[in-house]
Amino acid sequence: MISVEQHLDRILSTVTVIPPFELGVLDAQGCILAADVQARGSLPGFTNSAMDGYAVHASDIATASAESPVTLPVVNDIAAGNTKPWSLASGQTMRIMTGAPMPHGADAVVPVEATDGGVVRVQIRERRSVGAHVREVGEDVEAGNVVLRRGTLLGPGQIALLAAAGIARVRVVPRPRVVVISTGDELVEVGRTPGFGQIVDSNSVMLTAAVTAVGATPFRVGGVPDDARTLMETLEGQLVRADAIITTGGVSMGAFDTVKEVLSRVGTMRFDKVAMRPGMPQGFGVLGDERVPVFTLPGNPVSALVSFHVFVAPALRAMAGRPEPSYPPGYVPAVAAEPFGSVEGKMEFVRVILDDDRARLAGGQGSHMLGALAAADALAVIPEDVTEVAAGDELMCLPLLGREGM
Ligand SMILES: Nc1nc2c(c(=O)[nH]1)N[C@H]1C(S)=C(S)[C@@H](COP(=O)(O)OP(=O)(O)OC[C@H]3O[C@@H](n4cnc5c(N)ncnc54)[C@H](O)[C@@H]3O)O[C@H]1N2
Ligand code: MOO
């Protein structure tokens, strides 16, 4: 029996960051930048108005007040999208809309609320100083400057900046492509009615969803029967498009545990009992010339999803170039709302519902119990040496992917 930490260490010291690739900015969402990015153009690209109002020479309205307004002739309208450069002579004004280019010579904007809104001539009731409500060219970003550094995670804000700064494609660490295979003669495809002794292949849809939730790209192969040749052919066929492969089932002590039987003989695959519950039988190694990491997770659904969170998700994040905090990553503190027991000598991953920071059991803790899994928000991680948890005890919880809330 090895510890959770030992198994995770072996995985993380094996996987490597995927080589960088150039992607369109939208496809790069969720990826890590592989190189610094310089702005092609300045932002704003031209000096423009921050308000709907009137472009003026500030010196013309220096005495304006409610009691003694200044009246100016309105000589033009400038809308956003106007592409003609205008000039404003002293003693005149132009109506200008938010985002429209400032006319040459104008140095302030008076918001429409501080005027009578006139279209031929306008009464200005408040003074404004030089620069008021004017967005200067390059005040946000200067052309040629580095706008995003290598290692930055690209979210919506970063993608907007790239697009606005004239960058349509970027070099990033691509999302890992992850093939999901489930094994077992008892499996029927989702949507089919299982006969006696059969079950729906829920693991492959669960893990496909988990791969998406962690920011990687899934390829769901679905159920493969417990047949050595079919399994080997399927794996060999999938290696070409996979940065990683996940299988479920067939790794314990059964007479028909094909995954373990077939893979024990190839690549660097190793099968271990890991001191955890659920998720004890685990296999990991690399296959093929490209050394594709293969995770063979146990078939019980809760065991498979717990294993994904504890071993696969950190590995996929590492392959995607995301910095992972030191072990254990991403855990949040909570307080036990009720007492419960835990098995000695194994790290237990208890499905809990979180009400603020109070953790209560999500229901039955059997590794086949999808009802309780679906009710849970997080896994409370109970160390190997703890056998009793009392109400009020502090817990460390691993939030379940996709349940973090909006
Ligand atoms: N004699 C022993 N028996 C078992 C041991 C053991 O140490 N000695 N370990 C148990 C533990 S712990 C686990 S976990 C399971 C792991 O089993 P396998 O990985 O070999 O998985 P299977 O036997 O194929 O299936 C287990 C269970 O999960 C259901 N299953 C399988 N695939 C799917 C799927 N795609 N979707 C939904 N459900 C699935 C399957 O029907 C079984 O009920 O072994 C214990 N046994
Ligand atoms: O280790 Mo198993 O995953 O408990 O059912």
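This is a predicted model: local features need pLDDT of at least 70, side-chain atom pairs count only at pLDDT 80 or more; totals for chains, interfaces and linings use all residues.

**Stop 1: the domains.** Colour the protein chain by domain. Domain 1 takes residues 4-18 and 175-319. Domain 2 takes 21-40 and 152-173. Select 48-135 for domain 3 and 332-399 for domain 4. Now put a distance between domain 2 and domain 4: their centres, taken over C-alpha atoms, are 39 Å apart.

**Stop 2: helix 1.** Select residues 4-12. Which residues of helix 1 are buried? They are Val4, His7 and Ile11. These residues lie on the same side of helix 1, because they cover an arc of only 75 degrees around the axis. An α-helix has 3.6 residues a turn, so residues three or four places apart point the same way. Next, show what covers the buried residues. Among the covering elements are strand 18 (270-273), strand 19 (276-277) and strand 20 (281-287). Helix 6 (301-319) and strand 24 (347-355) also belong to this cover.

**Stop 3: ligand 1.** Select ligand 1 and its surroundings, 27 residues. The closest are Ser182, Asn203, Gly249, Ser252 and Gly299. Which helix gives the most to this shell? Helix 3 does, with three residues. Select 202-213 to see helix 3. Helix 6 supplies at least two residues. By type, the shell holds nine nonpolar, 15 polar and three charged residues.

**Stop 4: ligand 2.** Select Arg277, Pro278, Gly279, Met280, Pro298, Asn300, Ser303 and Ser367, which surround ligand 2. This shell divides into three nonpolar, four polar and one charged.

Conventions: Residues are numbered from 1 along each chain as its sequence is written. Chains are lettered from A and ligands numbered from 1 in the order in which they are written. A residue is near a molecule or strand if its C-beta atom, placed from the backbone, lies within 6 Å of it. Ala, Val, Leu, Ile, Met, Phe, Trp, Tyr, Cys and Pro count as nonpolar, Asp, Glu, Lys and Arg as charged, and the others, Gly among them, as polar. Domain bounds come from an automatic or database domain assignment. A residue is buried if 20 or more other C-beta atoms lie within 10 Å of its own, exposed if 12 or fewer, and partly exposed in between; C-beta atoms are placed from the backbone. Helices (H or I, at least four residues) and strands (E, at least two) are DSSP runs, numbered from the N terminus. The arc is that of the directions from the helix axis to the C-beta atoms. Two residues are in contact if their C-beta atoms, placed from the backbone, lie within 7 Å.
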